[in-house]
Amino acid sequence: MADDNKPNQKTEFIPKRFMVISAHPDDNEFGVAGTVAKWTKHGSVGVYVLTTSGNGGTHDPAFTRETIGAHREEESLAAAKLCGVEIVEFLRYHDGEVMPTLELRKDYVRLIRKHKPEVVIAMDPTRLFIGTEYINHPDHRAVGWATMDAIAPVASMPLMYPELGEAHKVREVWVSAWEESLATTWVDITETLQQKKDALRCHKSQVGDDTVNEIEGWAWHAGKGLAPAETFRIMFLEKREAAVVKPADAQSF
Ligand SMILES: [Zn+2]
């Protein structure tokens with residue numbers, strides 16, 4: 001198995017094509033945009049799948065569900081572009097109502113078969129309690145479950161939903177893992193931290209300067225003070241080609 005699967009490994013792996021499947025318009029910028037920006041900078045082609053358009057996400061009475069959803073889609077597009085992602089697929093499920101249904105699984109299968117990513121970055125369906133102050137959002141958990149169920153094994157099975165496109169096997173699932181006990185790998189985002197912060201700032205309806213500065217602290221915490229980082233648990237569904245892995249870049253904390 002690849003070196004990246006040992007605990008606490010730094011990786012410089014760059015996939016050719018990747019997809020990020022998330023619940024809300026700003027999830028990618030809070031979680032993984034530093035890695036995304038790094039990958040696209042080095043030639044990778046990425047697609048965002050946003051399951052909801054965050055149409056419950058405001059206290060401002062000037063907005064309706066329709067107008068806040070449309071507004072947040074614009075914010076998402078700007079943030080994606082800033083990180084080098086040109087394609088954003090909006091599924092427009094209602095904010096706060098996502099369940100890991102067969103319908104959602106099929107939506108993900110259709111998009112995986114359409115875009116054929118080598119790597120899917122996913123939300124962790126198993127995370128309920130985060131520290132002692134945050135219970136993970138049900139949409140995040142539902143999206144994580146449906147993502148895993150779409151990838152393993154349905155998207156790769158030609159007899160399952162042939163109407164959704166040609167079967168495609170995702171090689172690796174990178175589960176966004178904020179907690180040390182779950183993470184196996186970290187990505188140094190020194191070169192893209194500013195892009196990540198600028199991308200988060202695109203979500204003007206949601207975040208202010210305090211939040212943007214806070215994610216910089218999270219990134220340094222993830223990198224144990226050595227470098228700003230994002231952490232993942234990588235599931236290797238296909239063995240990585242030896243030539244792609246650069247053992248010299250992999251080092252322990
Ligand atoms: Zn979210």
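Helices, as I use the word, are DSSP runs of H or I with at least four residues, strands are runs of E with at least two, and both are numbered from the N terminus. With that convention, P153 falls in the loop between α5 and β8, and I shall return to that loop at the end.

The structure before you is a predicted model, in which local features need pLDDT of at least 70 and side-chain atom pairs count only at pLDDT 80 or more, while totals for chains, interfaces and linings use all residues. Residues are numbered from 1 along each chain as its sequence is written.

Let me begin with the overall dimensions. The secondary structure comprises seven helices and 10 strands. Along the principal axes, the C-alpha trace spans about 55 × 50 × 35 Å. The radius of gyration, taken over C-alpha atoms, can be set against a globule rule of 2.2 Å times the number of residues to the power 0.38. For 253 residues a compact globule would have a value near 18 Å, and the protein has 17 Å, which agrees.

I call a residue buried if 20 or more other C-beta atoms lie within 10 Å of its own, exposed if 12 or fewer do, and partly exposed in between, with C-beta atoms placed from the backbone. Buried residues make up 45% of the 253 residues. Two residues are in contact if their C-beta atoms, again placed from the backbone, lie within 7 Å. Of the contacts with a separation of 6 or more, 80% are between residues 24 or more positions apart.

I turn now to the sheet. Two strands pair if DSSP finds at least two bridges between them. Eight strands form an open sheet of mixed pairing, in the order β1-β9-β10-β8-β5-β2-β3-β4. Its edge strands are β1 (9–10) and β4, each of which pairs on one side only.

β3 and β4 run parallel and are joined by five bridges, with L50 opposite F90 in β4. Seven of the eight residues of β3 are buried.

Further along the order comes β8, where five of five residues are buried. E172, W174 and S176 point one way from this strand, and V173 and V175 the other way. β5 and β8 run parallel through four bridges, and I121 stands opposite W174. β8 and β10, by contrast, pair in the antiparallel sense over five bridges, with M235 of β10 as the partner of V173. β10 (residues 229–236) also runs antiparallel to β9, to which four bridges join it; there T185 is paired with F232.

Next, the helices. For the angles that follow, axes are lines fitted to C-alpha atoms, for helices over the stretch in contact, and angles run from 0 to 180 degrees between N-to-C directions. α3 lies across β3 and β4 and runs at about 155° to β4. α5 lies across β2, β3, β5 and β8, and runs at about 155° to β5.

In α4, the buried residues include L104, Y108 and I112. The buried residues of this helix pack against β2, β3, β4 and α5.

Which residues does T192 contact, leaving aside its neighbours within four places in sequence? They are G34, A37, K38 and K41. T192 itself lies in the loop between β9 and α6, and it counts as buried because it has 25 C-beta neighbours inside 10 Å. Its C-alpha atom is 6.1 Å from that of K38, although the two are 154 residues apart in sequence.

Finally, some backbone geometry. Most residues other than glycine have a negative phi, and most peptide bonds are trans. Y161 lies in the loop between α5 and β8 and has a positive phi near 50°; with 18 other C-beta atoms within 10 Å, Y161 is partly exposed. R92, in strand β4, also has a positive phi, of about 60°, and is exposed, with 12 other C-beta atoms within 10 Å. Just after α4, K116 takes a positive phi of about 50°.
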